[in-house]
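Subject: Structure handover

Hello,

Here is the structure we discussed. Please open it next to this message and follow along.

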Amino acid sequence: MNLYTHAESNTRKTWVYLTGFFLFVIALGWLLSYAFDSPVLLIAAVVLSVFMSFGSYWFSDKLVLAMSHAKAIQKADNPELYRIVENLSITAGLPMPRLYIIEDVQPNAFATGRDGKHAVVAATTGLLSRLERVELEGVIAHELSHIGNKDMLVSTIVVALVGVVAILADFFFRIAFWGGFGGRDNNDRGGGQAKLLMIGVALVFMIIAPLVAQLIKMAVSRKREFLADASGALLTRYPDGLARALEKIAADSHQLRSASDATAHLYIASPFRGKEKTSWIHKLFSTHPSVEERVKALRGMKGY
């Protein structure tokens, strides 16, 4: 798969995820409305599906930036960073993305936005203070490659949809145990059976919801990081710059204060430090290949 077919594939995946999410929530709403004899639940599910599907496409980047506590900057705030991004954007044939800074000592960065015209590149203050210019260029080129490959569109929408799955799991779990919204009388046989059915559905949903979310995130293939590394190296013509940057990022022991499992896959490297090896939940939700593999691949590129 080349860069162009990868970008086209990511566009198709975006609509598949949104459509699948839309149908999933409607189906669940129908099941609840049938069990509780309450059509309002199906209406609520349709409204929620439409709102969240379109909202995740148009506003998921704002959600990610808010969760990351990122602040917009102008050229006067950091002229060197602005020039680096501007020059690499011109080389890549991309519009100049908006720049954001995250006040955090951990060196890291990510790209987000629904398309090249609405793209964002965010970097931590730790990244800007720790990396040399060629290393910073490698990181920025990697993030611009995600924009060019349309990786960030899929990745950002995943943040919103995974978050909604978690909210729905909690919402329907509460409905099951509190008897729904004025449904059947729980004292009669039918009402009791409906409540038991919904308790069972809620429990199953609570179990499978994280797995469904993980399957969606796994669909955002680990290969996208290797592809962005390679694309970024081609953009700067200096693979060792990105390789050195990845080594510095991985060697830093600081935790990213705004790190979460919902947004971790957006960053150039996992924002969790050490927890991947000690916490099963962080290991489960890991979407990054090891830095060692990525550095080896970069330094194996010949002719640069």
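**A buried arginine**

R294 touches H142, E225, F226, D229, L246, I268, A269, H288 and P289, leaving out residues up to four places away in sequence. Keep in mind that this is a predicted model. R294 is found in helix α12. Its relative accessibility is 1%, so R294 counts as buried.

**The sheet**

Next, the strands. There is an open sheet of 4 strands, in the order β1-β2-β4-β3. The pairing is mixed. At the edges are β1 (70–73) and β3, each of which pairs on one side only. From one strand to the next, the twist averages 30°.

Strand by strand, it goes like this:

- β1 with β2: an antiparallel pair, over 4 bridges. K71 stands opposite I101 in β2.
- β2 with β4: a parallel pair, joined by 5 bridges. L99 stands opposite V121 in β4, and I101 stands opposite A123 in β4.
- β4 with β3: an antiparallel pair, over 4 bridges. A111 stands opposite V121 in β4.

Strand β3 has buried residues pointing both ways. A109 and A111 point one way from β3, F110 and T112 point the other way, and all are buried.

Helix α5 lies across β3 and β4. It runs at about 20° to β3.

Helix α5 also packs against a helix. Two packed helices are described by the angle between their axes and the distance between the axes. For α5 (residues 133–149) and α9 (residues 239–251), the angle is about 95° and the axes are 7 Å apart. The range of 65 to 115 degrees counts as roughly perpendicular, so α5 and α9 are roughly perpendicular to each other.

Which residues make the contact of α5 with α9? From α5 come V134, E135, G138, V139 and H142. From α9 come G241, L242, R244, A245, K248 and I249. The residues of this contact divide into 5 nonpolar, 3 polar and 3 charged.

**The nonpolar cores**

The largest nonpolar core has 32 residues. Those with the most contacts inside it are L81, L127, V139 and I140. Several elements each supply at least two residues of this core, including α3 (79–92), α8 (223–236) and α12 (291–299) among the helices and β2 (98–102), β3 (109–112) and β4 (120–124) among the strands. Helices α5 and α9 are also on that list. The largest share, 6 residues, comes from α5.

Leaving aside neighbours within four places in sequence, L127 is in contact with Q106, P107, N108, A109, L136, V139 and I249. A109 in that list is one of the buried residues of β3.

Best wishes

Methods:
Residues numbered from 1 in each chain as written. Predicted model: local features only at pLDDT ≥ 70, side-chain atom pairs only at ≥ 80, totals over all residues. Heavy atoms only, no water. Axes fitted to C-alpha atoms, helices over the stretch in contact; angles between N-to-C directions. Parallel < 35°, antiparallel > 145°, perpendicular 65-115°, else oblique. Contact = heavy atoms within 4.5 Å. Nonpolar A, V, L, I, M, F, W, Y, C, P; charged D, E, K, R; others polar. Core = buried A, V, L, I, M, F, W, Y, C linked by side-chain atoms within 4.5 Å. Buried < 20%, exposed > 50% of the residue type's maximum accessible area, 1.4 Å probe, protein only. Pairing = 2+ DSSP bridges.
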